[in-house]
Amino acid sequence: MTEPAANTSLTPQPGTLYVVATPIGNLADLTDRARAILGAVDVVACEDTRTTGGLLTRMGLRRDLVSYHDHNEAEAAEHIAAQIAAGKSVAIVSDAGTPAISDPGFRLVRACRRRGLPVIPVPGACALAAVLSASGLPTNGFLFAGFLVAKTSARTAFLEKYRDFEFTLVLYESCHRIDKFADEIVEKLGPDRTICIAREVTKLHETWLVGRAAEVRDRLLKGSLKGEFVVVIAPADFVL
Ligand code: SAM
């Protein structure tokens with residue numbers, strides 16, 4: 001029988017970084033492979049030890065956790081990469097979804113790539129892919145802009161720059177600014193632009209608003225603005 005390649009095995013290989021996706025709400029979205037890798041690596045590097053500790057406890061796993069977050073990322077990346085170079089297997093997870101996608105992880109992955117160390121993804125939930133794929137807006141090409149900076153002038157400049165962009169735009173937005181952002185879209189891109197605002201995907205209060213920007217904005221303002229949001233904006237000529 002042929003041995004599975006290192007990147008398909010459920011057993012972590014020494015000297016390897018695993019980039020492991022965790023659920024964005026529904027715990028059943030944790031993959032079997034993620035569970036196996038998290039249960040067997042030497043070290044789990046995580047954004048918040050309480051959040052990941054809670055997830056691992058619910059999975060019946062007790063692991064040593066190393067903190068890896070925005071404030072210690074540069075230093076921790078070098079330290080963890082050195083451990084991998086010395087032969088340890090390490091999994092990196094963020095609080096939810098896919099590490100390095102608007103979350104810590106990029107610096108550690110880069111540090112490993114610079115050293116020529118193997119980096120293996122263990123894919124799973126990602127709010128960007130979940131929302132875009134179920135939005136009904138064009139998926140043939142898209143620009144993922146992550147979180148826009150909070151400054152109004154920068155957000156206006158973004159919308160003006162991409163008003164006539166040929167592909168779909170996908171953004172993460174905070175619950176503190178989602179109402180204002182919906183207003184800005186209507187104002188800068190027009191009331192007829194097709195958009196999707198998805199809230200709390202895979203969670204109890206999952207909500208989808210898809211259609212003309214002005215209608216989506218009005219429906220958004222009538223509902224709860226708590227939770228997590230992804231915004232998808234179709235190219236100008238698209239009609240649902
Ligand atoms: N790395 C994560 C991923 O793979 O999607 C993203 C982390 S980023 C810090 C958190 C943002 O992702 C939220 O503010 C929201 O824009 C989006 N997000 C995460 N989970 C979500 C969910 N269940 N429903 C809607 N948006 C979500």
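Trainee: In which helix does T52 lie?

Mentor: In this predicted model, T52 lies in helix α2, which spans residues 49-58.

Trainee: Why is T52 called buried?

Mentor: T52 has a relative accessible area of 3%. Buried means under 20%, so T52 is classed as buried.

Trainee: What does T52 touch, apart from residues up to four places away in sequence?

Mentor: With those set aside, T52 touches V44, C46, L65, V93 and S94.

Trainee: Where is T16 found, and why is T16 called buried?

Mentor: T16 is found in the segment before β1, the strand of residues 17-20. The relative accessibility of T16 is 4%. The limit for buried is under 20%, and T16 therefore counts as buried.

Trainee: What makes the approach of the T16 side chain to the backbone oxygen of P14 a polar contact?

Mentor: A polar atom of the T16 side chain lies 3.2 Å from the backbone oxygen of P14.

Trainee: With which residues is T16 in contact, leaving aside neighbours within four places in sequence?

Mentor: T16 is in contact with I84, K88, S89, V90, P118 and I120.

Trainee: Why is E173 with R177 called a salt bridge?

Mentor: The closest N and O atoms of E173 and R177 are 3.7 Å apart. A salt bridge requires a side-chain nitrogen of Lys or Arg within 4 Å of a carboxyl oxygen of Asp or Glu, so the pair E173 and R177 qualifies.

Trainee: Are E173 and R177 buried or partly exposed?

Mentor: E173 has 5% relative accessibility and counts as buried, whereas R177 has a relative accessible area of 28% and is partly exposed.

Trainee: Which residues are linked with E173 and R177 in a network of salt bridges?

Mentor: The network links R155, E173, R177, K180 and E184.

Trainee: How do you know that E187 is exposed while K188 is partly exposed?

Mentor: E187 has 59% relative accessibility, and exposed means over 50%, so E187 is exposed. K188 has 22% relative accessibility, which lies between the limits of 20% and 50%, and K188 therefore counts as partly exposed. E187 and K188 form a salt bridge, with the closest N and O atoms 3.3 Å apart.

Trainee: What makes E215 and R212 a salt bridge, and how is each classed by accessibility?

Mentor: The closest N and O atoms of E215 and R212 are 2.9 Å apart. The limit is within 4 Å, so the pair counts as a salt bridge. E215 is partly exposed at 40%, and R212 is partly exposed at 31%.

Trainee: How many salt bridges does the rule count, and how many cross the interface of domain 1 and domain 2?

Mentor: The count comes to 14 salt bridges, and the rule finds 0 across the interface of domain 1 and domain 2. The count of residue pairs in polar contact between the two domains is 1.

Trainee: What are the bounds of the two domains, and how far apart are the C-alpha centres?

Mentor: The domain assignment gives domain 1 as 17-122 and domain 2 as 127-233. The C-alpha centres of the two domains lie 29 Å apart.

Trainee: How do you know that domain 1 and domain 2 are in contact?

Mentor: Contact requires heavy atoms within 4.5 Å, and 6 residues of domain 1 are in contact with 9 residues of domain 2. The area buried between domain 1 and domain 2 is about 550 Å², with carbon and sulfur atoms giving 64%. I24, I101 and S102 supply 77% of the area that domain 1 buries against domain 2, more than any other three residues. The side of domain 1 that touches domain 2 has 2 nonpolar, 3 polar and 1 charged residues.

Notes:
Residues numbered from 1 in each chain as written. Predicted model: local features only at pLDDT ≥ 70, side-chain atom pairs only at ≥ 80, totals over all residues. Heavy atoms only, no water. Domains from an automatic or database assignment. Buried area = accessible area lost by both parts, 1.4 Å probe. Polar contact = N/O pair within 3.5 Å; in protein donor to acceptor, adjacent residues only side chain to side chain. Nonpolar A, V, L, I, M, F, W, Y, C, P; charged D, E, K, R; others polar. Buried < 20%, exposed > 50% of the residue type's maximum accessible area, 1.4 Å probe, protein only. Helix = DSSP H or I, 4+ residues; strand = E, 2+ residues; numbered from the N terminus.
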